[in-house]
Amino acid sequence: MNILGYLQRIGRALMVPVAVLPAAAILMGIGYWIDPTGWGANSPLAMLLIKSGAAIIDNMSWLFAVGVAYGMSKDKDGAAALAGLVGYYVFKTLLDPAVVQGISLLPAATALNEAQAALDAAVKAGASNVAELKVALAAAQDAWKPIAFAFSKVVNQFTGILVGAITASIYNRFSQVELPKALAFFSGKRLVPILTSVAMIVLAFAMMFIWPPIFNALVVFGESIVNMGSVGAGIYGFANRLLIPVGLHHALNAVFWFDLANINDLGNFWNAGPVLDGVKYAAGTGVVTLADDGSILAIEGATKLGLVGEIGRYMGGFFPIMMFGLPAGALAMYHAAKPENREQVGSIMLAAGFASFFTGVTEPLEFSFMFLAPVLYVFHAILTGLSLAFASMMQWTAGFGFSAGLVDFILSSKLPVAHQPYMLLVQGVVFAALYYFGFRALISALNLKTPGREDATADAAPAKQQGSSDTAQLAKQYLKALGGHGNLASIDACITRLRLTLNDRSIVDEAQLKALGAAGVVKLGEQNLQVILGPLAEIVAGQMKQIPASDDLSDVELP
């Protein structure tokens with residue numbers, strides 16, 4: 001399987017653990033709303049909600065391992081998920097800094113252990129060179145500290161995905177293996193956790209050597225963006241949108257939103273720690289002194305996470321785009337459509353624009369013009385970068401657990417670390433104007449074929465839902481347009497896309513897919529296809545899976 005096809009499988013599998021992030025955002029957001037200063041200290045209900053949400057946010061690495069193992073397994077079996085959890089804990093335990101030091105495969109670990117042993121022996125024997133050995137031990141500890149820090153970060157979302165993907169491969173290959181009778185109890189699915197444990201031992205030993213340089217490279221990359229300040233935030237926003245077409249934006253997000261390169265913008269934003277004098281501290285560290293009214297008097301010995309106005313700089317700028325910019329772009333495309341097509345285009349743009357504004361799900365709208373007018377999409381990516389750069393420069397921040405829509409904006413705006421979040425609404429009005437007039441100007445000047453402006457050809461009809469309103473019948477129509485069950489090696493879906501592996505992509509009728517309501521079609525490699533349906537994607541995929549392979553689709557009518 002080509003690399004894009006494999007990444008597509010990982011991308012759809014990630015939808016399983018990613019789907020729980022909105023729950024964490026809702027729980028923690030409501031908790032902070034109830035108690036914005038005490039973070040649960042002043043309200044048992046707020047404490048319950050905040051800690052419940054933190055249980056999800058703080059354990060995303062093993063959620064990713066379990067979710068990817070389950071999502072990439074050939075039959076979506078719980079045994080694969082269990083094996084993913086087993087693999088995660090073996091991997092996590094072996095790469096604990098203390099264990100890595102104890103195994104002593106790395107030169108720095110060996111030097112530290114030898115220095116400690118030499119000092120212990122000298123103290124026990126009452127030798128005269130104890131002072132010199134203490135100096136040598138301190139030097140060895142200094143050399144070990146950055147490596148130990150790297151291994152303290154090795155269990156993260158990326159390695160969770162890695163463990164899950166390896167586990168799924170083992171499950172798909174060995175879950176049906178029959179062992180000799182003496183070992184028959186361990187045949188089939190029972191064999192998978194055993195093999196996964198062995199694989200994780202091998203992986204952990206390999207990671208002992210390759211992780212430190214990888215981590216250092218990630219830190220350098222992350223720090224290069226951090227050190228660029230607002231410009232770096234803008235570069236990140238621009239690249240984030242450009243990766244949407246192939247669904248690889250999640251990889252970039254992992255560097256900045258999670259604790260992969262010690263940036264952890266999302267995690268630090270939602271951390272339930274206190275804020276004092278513009279500094280955010282980590283929950284559960286240091287001593288916090290409160291006044292009688294619950295306000296903070298002093299914080300001693302706590303771990304600093306960052307400054308208010310800087311935490312959230314890789315999230316805040318998305319709100320003006322998703323809540324205002326893209327919906328305004330949708331309005332521009334509606335106004336630019338041919339008069340005879342506006343009714344059809346309007347229904348699409350209204351639904352897609354509302355989804356972007358309310359939930360932050362932008363793909364239905366973006367895919368409506370991404371391939372019809374690539375220049376317009378690049379313009380959209382540039383404006384996204386500018387929005388993140390400007391919000392970062394002004395230190396206007398808000399955060400999200402799912403995406404930058406109204407729901408997350410309301411939930412995050414009361415957090416102590418949110419800084420002037422309502423100014424993002426003002427910025428949103430400005431970007432709405434930039435999107436609307438920028439889209440209209442480009443569409444007119446370049447005669448871009450946005451929805452409703454296509455030439456009158458058989459395969460260029462506006463993407464209007466022409467299929468049956470019955471989702472079961474609609475699934476049959478999509479299945480027929482895709483070539484039937486015999487042409488589909490796998491059927492899956494994420495939030496807005498059918499994610500398919502095909503036997504023969506040439507027999508897919510793309511014109512019929514668009515006539516049925518698909519906002520776009522993405523080709524990945526020779527056998528993989530994504531069909532952009534919006535919120536119906538998962539429902540249609542489920543219905544397609546339930547259609548028996550023996551069903552005759554010849555009587556199914558297509559638009």
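**Close-up views of a predicted model**

**View 1. The side chains of D492 and K76 meet in a polar contact.** In this predicted model, the two side chains make that contact at 3.5 Å. D492 is found in strand β6, which covers residues 488-493. The relative accessible area of D492 is 12%, and because this value lies under the 20% cut-off, D492 is counted as buried.

**View 2. Helix α10 spans residues 157-174.** The helix has 18 residues and reaches 26 Å from its first C-alpha to its last, close to the 26 Å expected at 1.5 Å a residue. Its buried residues are Q157, T159, G160, I161, V163, G164, A165, T167, A168, I170 and Y171. As background to this view, residues three or four places apart in an α-helix point the same way, because there are 3.6 residues a turn.

**View 3. Helices α15 and α16 pack in a roughly antiparallel arrangement.** The axes of α15 (residues 318-336) and α16 (residues 342-359) come within 9 Å and cross at roughly 175 degrees; because this angle is over 145 degrees, α15 is described as roughly antiparallel to α16. On the α15 side the contact is made by M322, M323, L326, P327, A330, M333, Y334 and H335, while α16 contributes R342, V345, G346, M349, G353, S356 and F357.

View 4. Of the 559 residues in the protein chain, 51% are buried. Among contacts with a separation of 6 or more, 71% join residues 24 or more positions apart.

Notes. Residues are numbered from 1 along each chain as its sequence is written. This is a predicted model: local features need pLDDT of at least 70, side-chain atom pairs count only at pLDDT 80 or more; totals for chains, interfaces and linings use all residues. Side-chain values use heavy atoms; hydrogens and water are left out. Helices (H or I, at least four residues) and strands (E, at least two) are DSSP runs, numbered from the N terminus. Buried means under 20% relative accessible area, exposed over 50%, partly exposed in between (1.4 Å probe, protein chains only). A polar contact is a pair of N or O atoms within 3.5 Å; within protein, one must be able to donate a hydrogen and the other to accept it, and residues adjacent in sequence count only if both atoms are side-chain atoms. The expected span of a helix is 1.5 Å times one less than its number of residues. Axes are lines fitted to C-alpha atoms, for helices over the stretch in contact, and angles run from 0 to 180 degrees between N-to-C directions. Angles under 35 degrees count as roughly parallel, over 145 as roughly antiparallel, 65 to 115 as roughly perpendicular and the rest as oblique. Contact means heavy atoms within 4.5 Å.
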